[in-house]
Amino acid sequence: MKVAFKPLPPVSDPKGCSIVDPVEISALPDGSALTPPAQLSCETAIAVVVFMRDVAQQKAISILGSTIKTFRQDSAYVCRARNGTTKLSEHAYGRAIDLGAFITASGDMIVVKAADKVDENHDLFLSAVRAAACGPFTTV
């Protein structure tokens, strides 16, 4: 299966938000889904796919014993300022994505949140993915 990249026309907003080379991504090469589909810059979409394939899936297999079937994203492109400022967010340029949950092939839902010691493997998985994201992404 190929990555489901759908090229989109350039995005421009009077507030200054823009994406020169936007794509919509909804599926990954391994058959997992990104839901809802995310509008991102092409460069960011590639980084997200590589990270999900090479890091998140591998951590899920080794820590959770299952692959990830669905990556739930809570925010991709949106024309908005950073919280508490007037400076535009990286989301306003299609260079950011917020993952809200991982749903495994075995049916577990791992919600992105602070460790709560309810499920040690979920906490370990989230911690490992968060730490690994600090390399390819600037804000985690």
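Helices here are DSSP runs of H or I with at least four residues, strands are E runs of at least two, and both are numbered from the N terminus. This is a predicted model: local features need pLDDT of at least 70, side-chain atom pairs count only at pLDDT 80 or more, and totals for chains, interfaces and linings use all residues. Residues are numbered from 1 along each chain as its sequence is written, and side-chain values use heavy atoms, with hydrogens and water left out.

**Overall fold**

The protein chain holds two helices and eight strands. Along the sequence their pattern is β-β-β-β-β-α-β-β-β-α. The C-alpha atoms fill a box of roughly 45 × 40 × 25 Å along the principal axes. The radius of gyration, taken over C-alpha atoms, is compared with a globule rule of 2.2 Å times the number of residues to the power 0.38. For 140 residues a compact globule would have a value near 14 Å, so the 15 Å of the protein chain agrees.

Buried means under 20% relative accessible area, exposed over 50%, and partly exposed in between (1.4 Å probe, protein chains only). Buried residues make up 36% of the 140 residues. A contact means heavy atoms within 4.5 Å. Among contacts between residues at least 6 apart in sequence, 51% join residues at least 24 apart.

**Strands β6, β7 and β8**

Two strands pair if DSSP finds at least two bridges between them. Strand β7 has antiparallel pairings with β6 and with β8.

| Pair | Residues | Bridges |
|---|---|---|
| β6 and β7 | 68-75 and 98-104 | six |
| β7 and β8 | β8: 109-111 | three |

T70 stands opposite I103 in β7. A101 stands opposite V111 in β8. The hairpin of β7 and β8 has four residues between the strands, and G107 takes a positive phi near 100° there.

Strand β5 (residues 33-41) contains P36. The peptide bond from T35 to P36 is cis, with omega near -15°. Most residues other than glycine have a negative phi, and most peptide bonds are trans.

**H122 in helix α2**

Where does H122 sit? H122 lies in helix α2, residues 120-133. H122 counts as buried because its relative accessibility is 15%. Leaving out residues up to four places away in sequence, H122 touches L64, D108, M109 and I110. Of these partners, M109 and I110 fall within the residue range of β8, 109-111.
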